[in-house]
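Hi there,

Here's the structure I promised to pass on. Have a look at it first, then read my notes below.

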Amino acid sequence: MIEFAQLSYRYPDQPQVCLDQVSLTLPAGSFTLVIGPSGSGKSTLLRCLNGLVPHFSGGEVAGSVRIAAYDPIALGPRVMSRHVGMVFQSPEAQFVLERVEDEIAFALEHAAVPREQLRIRVEEVLDLLDLAPLRDRLLTTLSGGERQRVAIAATLALQPEVLVLDEPTSQLDPQSADDVLQALVRLNHDLGLTIVLAEHRSERVLPIVDLVVALDRAGRVVSGPPREILATSPLCPPLVTVARAAGWQPLPLSVKEARPFATRQGLAQQDAIAVGKTGEAGRASATGPTRPPRPYLEIRGLEAGYGNTPVLRNLDLTIAAGEITLLMGRNGIGKSTLLKCMIGLLRPRRGEIRIAGRSIAGRDVAAISRELACLPQEPDSMLFADTVADELRTTLRNHRLPVNEALIDELLAQLGLSERRERYPRDLSIGERQRVALGAISITRPGGLLLDEPTRGLDYEAKAMLGGLLRQWSREGSAIIVVSHDVEFVAEIADRVLILGQGGLIADGPPWNVLGNSPLFAPQIARIFPGRGWLTASNALQGLQQK
Amino acid sequence: MTPRSLLLVHPVTWTIWLGTTLLTVSLTRNPLYLLLLLFGLTLVAETERPTGRATPLDPIFFAVIAVSFGALFNAATIRYGDTVLVALPASWWLIGGPITLEAVVFGMINGLVLSALVAGFGAFGTAMPISALISLVPRAFYPLAVVMSVAVTYVPLTIRLAGQVREAQQLRGHQVRVWRDGLPLLLPLLIGGLERALQLAEAMAARGFAADPPSNQVRMMLVGGLAALFAGLLLQFAWGQVVAASLTMLIGTGLILWALRESGQQAPRTRYRLYRRGIRDMIVLLGAGLTLIAVLAPWPGRASLAYTPYPMLQLPIFEPLLALALMGLLMPVAVRLGDRYLP
Amino acid sequence: MRDRLMSGMIIGFTTVIGIIAFLYPFWLPTMATSGGGVAHAGTAPVILTTLVGLSFLALLLEAQRAAEHALLVALLGVLVAMNAILRFIDVALPLPGGFSPIFVLIILTGYLFGGSFGFLMGTMTLLVSALITGGVGPWLPFQMLTAGWVGLTAPLCRGPIQLLGGVGRYREVLVLAVFGAIWGFGYGAIMNLWFWPFASGPVEQYWQAGIGLIETVRRYLTFYLATSLLWDIAGSLGNGLLIAAFGGPILRVLRRFQRRFAFVLRQAPLSEGL
């Protein structure tokens, strides 16, 4: 069905190739997962399928691609749109019209599909993706997951044989992401649609795909069944890391497949004593000696909300310096409201917030940000200067602080951006852009740091780097608060986990207590080894060694 | 609410109604009829306004301003009419001379004409949802219709992003002290917009969007048509050759319209949303037709449309039949109010 | 060559017809007094409005060639949305007089991406902002045409900028700022000329008095001083200052992206060095 033969591609004005002699065969009706580090050419590979590369990007091509009998390089995206549908990362930057129905009909109108047929096709895809109840809604009123489903419907309306998705869930919260992936599984199973998907969250997709294509930074490609590729790939979910180390064969790809191995080794029994011991032991070795906690942020009797509906009621919270606190909770439960109160963007109705002993009432956001810096969800909305170093200087100038080049160099080195010093921030990868924004808020050396969904769109490598950085800063005495949905990341870095429920905090404690037994928030490892207090791959590996 | 439920008559019917309204207003100088039209059109705008939406420009308020301004300006610049109110010293630069009642009235009529036009446009604007307006764009301008759709879709998004950018900049200590501090707000928005445009363009291309540039044949027709229009203009106004001028201009008009048609047919499109025509359209069109006949057909009552206060102010003639015919433009109100009783 | 000739002719004819139409209130009275023309003096506004409308459509169709690629359609759409919001701010806030921030992007994109792009940017900005604010009025076509003209003529800055030492210097921004300031007056004057017949009434009024060109000019001057001079000064200063302050950084951003837009399909086999 899909056939790459010795395909090489180079972007205009780039010295090295992006894809190097890629040869691949993907059969009709298969579900393929494309993995690879950021910048390895996943998107480029996908864009070769419908002719966006090279018709939209320029550059040089050698070799060939065939989708059934069609040659996208020769035919271009306009013709290929009938055969290959493509869905992109951003849930907001792929829509032309305001309403769901119109958006789905857009491509059909453009292709002059006769009206009677047009109506039928719109109805079909609305049903196929469960969008019928939303048909008249404005796209701006939909959630990210719903929007991605509309985007899928809009491409499927043209009845392509292949559906290509470029990280469709990377901007979504886990629930919406599941929504989208479920829809894909249905399309693949029920319609036999050929699907090619690039995705960071491989743990959710691995159990359902037939093939994995792994790219590396040099533009080379290996492909095969998931077990085969993941046996050697450096990019794998924690479950696979543990299974590989433990030598489990055949390699399990889901919790369900891994449980029998754990049971066989006698590691899955409920053991209350083991929970406390191993958990704390594992944690203590990771965090080093504990210091007496010094409160950095204190919230007393906080009540806040918008209009007439209070979101938070009577909330008390103390955050200590030198501690990483993770804040979790459902969408819309008030995490952002709490965050906005802490940084002064929203004035609380009642209660007091003190940072480093001083109340923030009556101080402006700029002043508060020097003591409690906040990284917003979209770091891009911050960046506009010509170079990375300039971004940091801008912040210093905003605060009327002297521009200290040595300080900038030091921070950039910490952030791993020394070599990017003079680059244009917007040209960097998402992980790097986020670290630039992190630099821009923390160049004033605040004692506390707030991060809002920092792992969105990051690959494993960038996440590990961010985790390391936060650990280091926390060891140096910073109070760090992270809002996140990403349980694997939370398990990896948290000293303390808070769960926000209706109106207030419903759980507060060390991660192995809060996450270990939660059906909703437990990471993969905790599900495989229930009751052992292991949350991360390294916990499990350590535990397995001791065994 | 769907565009269909908002719109009781077809967008084309509304457009014809607007055309008739504009023509009627510009042919009328009788202040009595103008007032009638102004109030009638304001009523149309009011009944069409979806509940909860504010009127962007109140026609009556606009009329008060336009009428007073028109009166002031005309009185200050026009020097004839028999009823002199005040005489300013002739030595006053630009405005010296007698101020006459006739000039004041004439200016007020100017203001009324403008206000009635604005009221007509206002009614049209409130009645038509944006998507219906875009559906009226001729096929030749399909790419521009898409540009409009994209822009309308991105306005709320851009407003949200602007809020995000403002918060993000505050978080790094940005404060707006002088107006140049707007730059850190504007630039991320612009860069974000450009990046979004790149992504959107890819998504559009992946769904088969590509515009077809007009062929050279079409462009030749445009050049020919424009040349004919220009020649006609010279013939008419510089050399006074009325017949030849009209002919040339007609040819030019034909060429340009033909070019638009050709260009629209190069790439066929279909439409998903279909606005149906029905009994309501008939009612509105009949009303507009009645008005049109009354203001164009040669009958005695038609003369009362014209009115001039010069040289000596007199009362305008009021012809009840004509006034009744003008009320044909109020049919949209009837359709809206009587919607329940119509099939 | 032939391509540019056709473009040039379409733009040329449209401009001449537009200028005549905008200036007709001045020469109509003279024409009327010279006799002969009296009979059709009354039809002149209708004829001229139709001609301007037609040539506007022709020019729009020609300029639409700038939107033949999905990328340019998307780019125009997104930029127009941004500009329409700026206009909205301008309408909602009591900014001094004709001070309007929309011309910055119209002029800068016209200068960088070409006259056709600028023309579309101007017309579409006015149209879309009128749609979203509900401010559709009889003045809209004239505003669209005039704002389009601003963008269409922006590439004229390229010559003086070359003379003054080229791209990237502060002088580049200075030239564009002066250009913006000039158009601040131009836009005001042209929009006034549109409004002027409404303020002065139909042509019989002159004809009866038998006034000539000088009298018309005198009245226009009164009208202008009374209504627009301060307004236009504010608009002109505003344009100049905004471009001087923001032009440089915005140009840098647009240029960065211009490189990404400049794609070409070079379907040559890769060299052996790979």
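First, a term: domain bounds here come from an automatic or database domain assignment. For chain A, that assignment gives domain 1 (2–233) and domain 2 (237–371 + 446–547).

Some housekeeping: this is a predicted model, where local features need pLDDT of at least 70 and side-chain atom pairs count only at pLDDT 80 or more, while totals for chains, interfaces and linings use all residues. Residues are numbered from 1 along each chain as its sequence is written, and chains are lettered from A and ligands numbered from 1 in the order in which they are written.

Back to chain A. The C-alpha centres of its domains 1 and 2 are 33 Å apart. Where they touch, 15 residues of domain 1 are in contact with 16 residues of domain 2 (contact means C-beta atoms, placed from the backbone, within 7 Å). On the domain 1 side, helix H8 (202–205) and helix H9 (226–230) of chain A each give two or more residues; H9(A) gives the most, with three residues. Helices are DSSP runs (H or I, at least four residues), numbered from the N terminus.

Now for chains B and C: 69 residues of chain C are in contact with 76 residues of chain B. The elements of chain C that give two or more residues to this side include helix H1 (2–33) and helix H12 (229–261), but H4(C) gives the most, with 14 residues. By class, this side of chain C has 47 nonpolar, 15 polar and seven charged residues. Ala, Val, Leu, Ile, Met, Phe, Trp, Tyr, Cys and Pro count as nonpolar, Asp, Glu, Lys and Arg as charged, and the others, Gly among them, as polar.

Cheers

Terms used: Contact = placed C-beta atoms within 7 Å.
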